[in-house]
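User: Could you take a close look at the strand pairing in this model, and then tell me about other parts of the fold? I would like it as one connected walk-through, please.

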Amino acid sequence: MNKKKVAFFTMDVESYYDTSCIKEKCPPLDSAFTCAEEIKSFTKLLEKYGARASLFLTVDFLPYCLPYLKEARVKGHQIDLHGYQHLPPLTQDVNEFRNDISRALAEIHDNFQKKPAGYRAPCFGIDQERLQIIKDEGFIFDSSSMEFKTSRNAGGLDLSDYQKINEVVYSRDGFYEIKPCISKLFGKNFPVSGGGYLRMAPWFLVKRLIRKYLRHSDAYLFYVHPFELSKKKLPLPEGLSFGEKLYINRGRKSYLRNIEKIIRMLKRKGFSIVTIEDFIRDSKS
């Protein structure tokens, strides 16, 4: 088994309009603000450091992001699955979920001639029954388990019977679970893997929490959404709360720079940045 220090940089490839608080208000979609172009911003940054990303695709976003994903795949980034639509699996019945996964796999194969290796649930919301469907469909890893309730649609997975490979990767019967990183803040779990948590927090605190995590860790996972890298003034539907407006706007202008700082921090600590699929393949060899 591969014991080197390893980091995974991932993106949930979804439209700005898939953001939960935006989607709930049902604003009219403006293609100028889907933020698909930020896929390239992210992959270009990683390429600067010889790194590649795992890109979890929401399939109904393909009309807006297909050129960026095709270019990314040519450059070695991996296409994984985030769902057919951005629907938390726990809001679907089991048959709806199974049908959506099958439909998504067919479209990914038609566009990329490759079956995705991994899956990540919208809102990190999955349970054992739906995870079994992911296994039955031939995926080799899932990245939906989080030890922190991100929303009312977040689920939970019991990994007690999995083998711990490192701080991020767990394995059982040839299947892998890849989970976000948790640090401690005032004695409570705090995600240090990206998303809004690291974008909205002051950089001095982010740096401190990640350094604390890396002191005793051999693996790191980062995730981001395209809209979080956009410097545009994004349209806000009526009815958003102050907290929701803050979530949309805070930290976007500096986030790409801060991601680069995290990459440099990892490099100084001797971490290699690889795709999840490549890590699993190399670990089996």
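Analyst: **Hairpins, a loop and the interior**

Lys184 stands opposite Asn189, a residue of strand S10. Before going on, please note that this is a predicted model, in which local features need pLDDT of at least 70 and side-chain atom pairs count only at pLDDT 80 or more, while totals for chains, interfaces and linings use all residues. Residues are numbered from 1 along each chain as its sequence is written, and side-chain values use heavy atoms, with hydrogens and water left out.

The strands here are DSSP runs of E with at least two residues, helices are runs of H or I with at least four, and both are numbered from the N terminus. Two strands pair if DSSP finds at least two bridges between them. S9 (residues 182–185) and S10 (residues 188–191) meet this through 4 bridges in the antiparallel sense. They make a hairpin with 2 residues between the strands, and in its turn Phe186 has a positive phi of about 55°.

Val169 has Ile178 of S8 as its bridge partner. This hairpin also has 2 residues between its strands, and Asp173 takes a positive phi near 55° there. S7 runs antiparallel to S6 as well, joined to it by 2 bridges. Across that pairing, Lys164 faces Tyr170 in S7, and 4 residues carry the chain through the hairpin from S6 to S7.

Now for the loop between S5 (141–142) and S6 (163–164), where Ser145 has its place. Is Ser145 buried or exposed? Ser145 has a relative accessible area of 5%, so it is buried; the word means under 20%, with exposed over 50% and partly exposed in between, using a 1.4 Å probe and protein chains only. Contact means heavy atoms within 4.5 Å. Leaving aside neighbours within four places in sequence, Ser145 has contacts with Leu157, Leu159, Glu177, Lys179 and Pro180.

Met146 is found in that S5 to S6 loop too, and at 9% relative accessibility it counts as buried. Beyond residues up to four places away in sequence, Met146 touches Phe124, Pro180, Pro191 and Tyr223.

Most residues other than glycine have a negative phi. Cys26 has a positive phi near 50°, and Cys123 has one of about 65°. Cys26 is in the loop between helix H1 (20–23) and helix H2 (38–48), and its 63% relative accessibility makes it exposed. Cys123 is in the loop between strand S4 (118–119) and helix H5 (128–136), and at 16% it counts as buried.

Turning to the interior, a nonpolar core is a set of buried Ala, Val, Leu, Ile, Met, Phe, Trp, Tyr and Cys residues joined through side-chain atoms within 4.5 Å. The largest one has 79 residues, and those with the most contacts inside it are Phe9, Leu57, Leu69 and Tyr220. Helix H4 gives the most to this core, with 7 residues. Apart from it lies another core of 9 residues, including Cys21, Cys35, Phe227 and Leu240. Not counting residues up to four places away in sequence, the residues that Phe9 touches include Phe42, Leu46, Tyr220, Phe222 and Ile259.

What about enclosed space? A cavity is a set of points on a 1 Å grid over the protein atoms alone where a 1.4 Å probe fits but cannot get out, and its lining residues have an atom within 4 Å of a point. Grid points are joined across faces, edges and corners, and a volume is the space filled by probe spheres set on the points. The search of the whole structure finds 1 cavity of 30 Å³ or more, and the largest cavity holds about 50 Å³. Among its lining residues are His82, Tyr84, Phe97, Asp100 and Tyr119. Strand S3 (78–83) and helix H4 (94–112) each supply at least two lining residues, and H4 gives the most, with 3.

Technical notes:
On a 1 Å grid over the protein atoms alone, a cavity is a set of points where a 1.4 Å probe fits but cannot get out, and a pocket is an open set with protein on both sides within 12 Å along at least five of seven lines; lining residues have an atom within 4 Å of a point.
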